[in-house]
Amino acid sequence: MLETALDCAKHGATLGIVAVHKRPASVDFGRLLTTELTIVLSMGYPTEIFDVTDDIVKNWEKYALIVSDVIPFDDVQDALRLAAPRERPRRSSSRSDDLSEHPRTSD
């Protein structure tokens with residue numbers, strides 16, 4: 001799972017690790033250097049889940065702000081394509097009118 005997440009991470013992404021792996025995980029940081037990936041570790045406690053769940057139910061509008069896309073389960077292949085890293089177009093000019101040829105997509 002970790003390797004898949006690292007392979008799919010977009011430039012500037014944040015990877016949250018919220019579980020402990022039973023075996024040490026090897027990470028090729030040289031390969032990740034150009035992605036400028038942020039890795040965040042988190043540890044929770046069994047009693048927190050009830051507080052968090054209650055808060056999500058009560059304040060769903062606040063949490064909806066962090067959801068970028070909602071995709072039906074039947075369209076899981078579309079979700080994987082959306083999450084996959086994209087090739088960025090190479091630009092040889094810095095003129096602003098050239099940027100219209102390659103509209104920026106949301107990352």
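Modeller: Let us begin with exposure. A residue is called buried under 20% relative accessible area, exposed over 50% and partly exposed in between, with a 1.4 Å probe and protein chains only as cover. Arginine 81, at 55% relative accessibility, therefore counts as exposed. Please note that this is a predicted model, in which local features need pLDDT of at least 70 and side-chain atom pairs count only at pLDDT 80 or more, whereas totals for chains, interfaces and linings use all residues. Residues are numbered from 1 along each chain as its sequence is written, and side-chain values use heavy atoms, with hydrogens and water left out.

Biologist: With which residue does aspartate 78 form a salt bridge?

Modeller: A salt bridge requires a side-chain nitrogen of Lys or Arg within 4 Å of a carboxyl oxygen of Asp or Glu. The partner of aspartate 78 is arginine 81, and their closest N and O atoms are 2.4 Å apart. The two are three residues apart in helix H5, so about one helical turn separates them. Aspartate 78 is partly exposed, because its relative accessibility is 39%.

Biologist: How many salt bridges does the structure hold?

Modeller: There are four. One of them joins the side chains of arginine 31 and glutamate 3, at 3.8 Å from N to O. Arginine 31 belongs to helix H2 and glutamate 3 to helix H1, so this pair ties together parts 28 residues apart in sequence. Both residues are partly exposed: arginine 31 at 40% relative accessibility, and glutamate 3 with a relative accessible area of 37%. Another salt bridge pairs lysine 62 with aspartate 55, with 3.5 Å between the closest N and O atoms.

Biologist: How many helices and strands make up the secondary structure?

Modeller: Helices (H or I, at least four residues) and strands (E, at least two) are DSSP runs, numbered from the N terminus. The protein has five helices and two strands, in the order α-β-α-β-α-α-α from the N terminus on.

Biologist: Which residues form the largest nonpolar core?

Modeller: In soluble globular proteins, nonpolar side chains tend to be buried together. A nonpolar core is a set of buried Ala, Val, Leu, Ile, Met, Phe, Trp, Tyr and Cys residues joined through side-chain atoms within 4.5 Å. The largest one here has seven members: Leu2, Leu6, Ala9, Leu15, Ile17, Leu32 and Leu37. Helix H1 (2–8) and strand S1 (14–17) each contribute at least two residues to this core. Across the protein, buried residues account for 9% of the 107 residues.

Biologist: Which residues does isoleucine 17 touch?

Modeller: Contact means heavy atoms within 4.5 Å. Leaving aside residues up to four places away in sequence, isoleucine 17 touches Leu2, Ile39, Val40, Leu41 and Ser42. Among contacts between residues at least 6 apart in sequence, 52% join residues at least 24 apart.

Biologist: Is threonine 35 buried or exposed?

Modeller: Threonine 35 counts as buried, because its relative accessibility is 15%. This residue sits in the loop between helix H2 (29–32) and strand S2 (38–41). Residues up to four places away aside, threonine 35 touches Lys10, His11 and Gly12. Glycine 12 is 23 residues from threonine 35 in sequence, yet the C-alpha atoms of the two are 6.1 Å apart in space.

Biologist: Where does valine 70 lie?

Modeller: Valine 70 is in the loop between helix H4 (60–64) and helix H5 (76–83). With 75% relative accessibility, valine 70 counts as exposed.
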